[in-house]
2 protein chains.
Amino acid sequence: MSSKYDAEPSRLDEAARAGWLYYVAGNTQDEIAKKLGVSRQSAQRLVSLAISAKLIKVRLDHPIAQCMELSLRLKDKFGLQSCEVVPSDPTSSSVTLGIAQAGAAEMERHLKSEQPIIMSVGTGRTLRACVDQLQQMDCQKHRIISLVGNIASDGSASAYDVIVRLADTIKSPHFPLPLPVIAASVEEREILQSQKFIRHILDLAKQSDVTFVGIGHLEDNAPLLEDHFITSEERSDLIKAGAVGEIVGWAYDAQGNLLEGHTNDRVASVPIFPNHDKPVIGIASGIGKISAISGALQGKLVNSLITNEATAEQLLNN
Amino acid sequence: MSSKYDAEPSRLDEAARAGWLYYVAGNTQDEIAKKLGVSRQSAQRLVSLAISAKLIKVRLDHPIAQCMELSLRLKDKFGLQSCEVVPSDPTSSSVTLGIAQAGAAEMERHLKSEQPIIMSVGTGRTLRACVDQLQQMDCQKHRIISLVGNIASDGSASAYDVIVRLADTIKSPHFPLPLPVIAASVEEREILQSQKFIRHILDLAKQSDVTFVGIGHLEDNAPLLEDHFITSEERSDLIKAGAVGEIVGWAYDAQGNLLEGHTNDRVASVPIFPNHDKPVIGIASGIGKISAISGALQGKLVNSLITNEATAEQLLNN
DNA sequence: CAATCAAGTGAGTATTTGCCCGTAAATGTA
DNA sequence: TACATTTACGGGCAAATACTCACTTGATTG
């Protein structure tokens, strides 16, 4: 007679119950307190725990006119397959506010497909925030591929381990790319990528039905730099060569042309091709990323975009 | 800035924006009012419009959520006073897993009452499992009544002696029903039930503030049969007459109508009445019991239910 | 053109919620 | 064991939110 149910319901279970009663069933905290047999204050704590534990996920399902307009104009200007613009909160400092929910919604849209699909993903803070907003699903028939290695130059795994977290949430078979982001040399990259199982992953990535990538800038606090995938010198070289941004490690200039040479000779990520016919969705926002996003759009490195209002406006004034 | 893209923001758009700022960005209505340039009251109206127009979608990402939704739907479908659905553990074969804890919790909730109460209980494996989960309490002011006799046709006491065990755990005065479950004849039932102290118990049972019963099926391995309260022939007769389940011995059909005649003429248990105003809580789970539970719910023989996820889903697909 | 009506607004008010803080229980430490 | 520290609890209160009501506006219509 021993089981996981014997244990008194964990605090999180209670929080889930309280959160459900509050947000879904519309009870007041007093009613919840009565139903759960606790004080009102405890009920309040449970509800707020449900929020802070990310049990509660809120989404807005409406094309706001202003954002619609921006989205249309962006599609027009850059020939995008699709574009979603979420409202900005001018007073919030969070970079991913709203974007994360929209990205998660887009991912879910694809994951709900009846047909088995191959979804490939990049990495970074933004994608990670999206994945954190995903709801639990059972997607055993789909396959998730990582476009980018997760090993830093010091051998540690990346802090923004998007693919593992993603696969965990949606219970999909997944294929991380056990490579450095940028190999030590051209030869090393060749050797690493010629391994049979790596070739298999690269091959799967090519068949992707949908791709989600973040867009990295190359300013002082470039993600590639902060995560120690490139050195400060390498960044300077890239800047001198005209680089404005990077996608899964591949650096490109203001027109979205992939750079020849420099670190691009050693990037071990899955190659990216402009003008892909399947959806390649860039998720990015922030004024610091304007030129990086603009470049990616101009070079058609991505054909879909999820961003926010403020960023969209900047992109259009560009 | 005027172009084909311009669309004046409709009220819903404003509502969407307000809802977004409120729920996603976490602004207060005052802040929203300022940002949208309207009064605080208007902001409040926009936010509530966003909810009532279903623009805002809240999800709870936790196994409990599923159960709460099922519970709500069951309440709706069968007009129940209350309904609790506990998670199913697909890997466990135990019928009472989780149910027992939930049932015990519900019992404790009532037993904690300051006012002296009368609680009546049926019998069976499920109720026994609930009672086994009860914590020791001191409930001398309450009274516990058995709804059903505990004597089998061979004179032995029932193996699932719920009431004694219950009273033992909570130290309450208790009133077992020293009768067979099903008398040998209509006359015998009359004689037995006319005894003064039996009448007293039946009378107490009528005053019950809360009632807990199991729900028995009438398949091959029907509890009534296994415990030798009825014979195999009697079961066949019942089935032919349309019986799908029984509560404290009273057999009923798929619509929850108590059968006329058959063993029901001789059942010595406390009578049960549909549409009771006090809580009558059925505790049952298992796919084998679906039609029995469904009948009990349709006929309002119980007005509250404790079951598990899998059973709840079946009941709703019915 | 006045009457009617639907929809929206702000003021006022009741209810609900968030949070501080002192106390009590649980947990960790010597 | 005794003591320190953390954790949880509930009372109380100010802030935030929901609701009611009387009024305005503007469109519709007989």
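Biologist: Is Ile163(A) buried or exposed?

Modeller: Keep in mind that this is a predicted model. Ile163(A) sits in helix H7 of chain A, which covers residues 162-170. Its relative accessibility comes out at 4%, and the cut-off for buried is under 20%. So Ile163(A) counts as buried.

Biologist: How many Å separate the C-alpha atoms of Ile163(A) and Phe175(A)?

Modeller: Setting aside neighbours within four places in sequence, Ile163(A) touches several residues, including Val121(A), Ile144(A), His174(A) and Phe175(A). Phe175(A) is twelve residues from Ile163(A) along the chain, and their C-alpha atoms are separated by 8.0 Å.

Biologist: Over in chain B, why is strand E11 largely enclosed by the rest of the structure?

Modeller: Take the two faces of E11(B) in turn. Ser304(B), Ile306(B) and Asn308(B) are buried on one side, and Leu305(B) and Thr307(B) are buried on the other. E11(B) is largely enclosed because, of its five residues, the number buried is five.

Biologist: Which strand pairs with E11(B) over five bridges?

Modeller: E10(B), residues 280-283, runs parallel to E11(B), but three bridges join them; there Ile283(B) partners Ile306(B). On the other pairing, Val85(B) stands opposite Thr307(B). That parallel pairing has the five bridges, and the strand is E2(B), residues 82-86.

Biologist: Which helix joins E10(B) and E11(B) in a β-α-β unit?

Modeller: The two strands are parallel. Together with the helix they make a right-handed unit, and that helix, residues 290-298 of chain B, is H12.

Conventions: Residues are numbered from 1 along each chain as its sequence is written. Chains are lettered from A and ligands numbered from 1 in the order in which they are written. This is a predicted model: local features need pLDDT of at least 70, side-chain atom pairs count only at pLDDT 80 or more; totals for chains, interfaces and linings use all residues. Side-chain values use heavy atoms; hydrogens and water are left out. Helices (H or I, at least four residues) and strands (E, at least two) are DSSP runs, numbered from the N terminus. Buried means under 20% relative accessible area, exposed over 50%, partly exposed in between (1.4 Å probe, protein chains only). Contact means heavy atoms within 4.5 Å. Two strands pair if DSSP finds at least two bridges between them. A crossover is right-handed if, with the strands pointing away from the viewer, the path from the first strand over the helix to the second runs clockwise.
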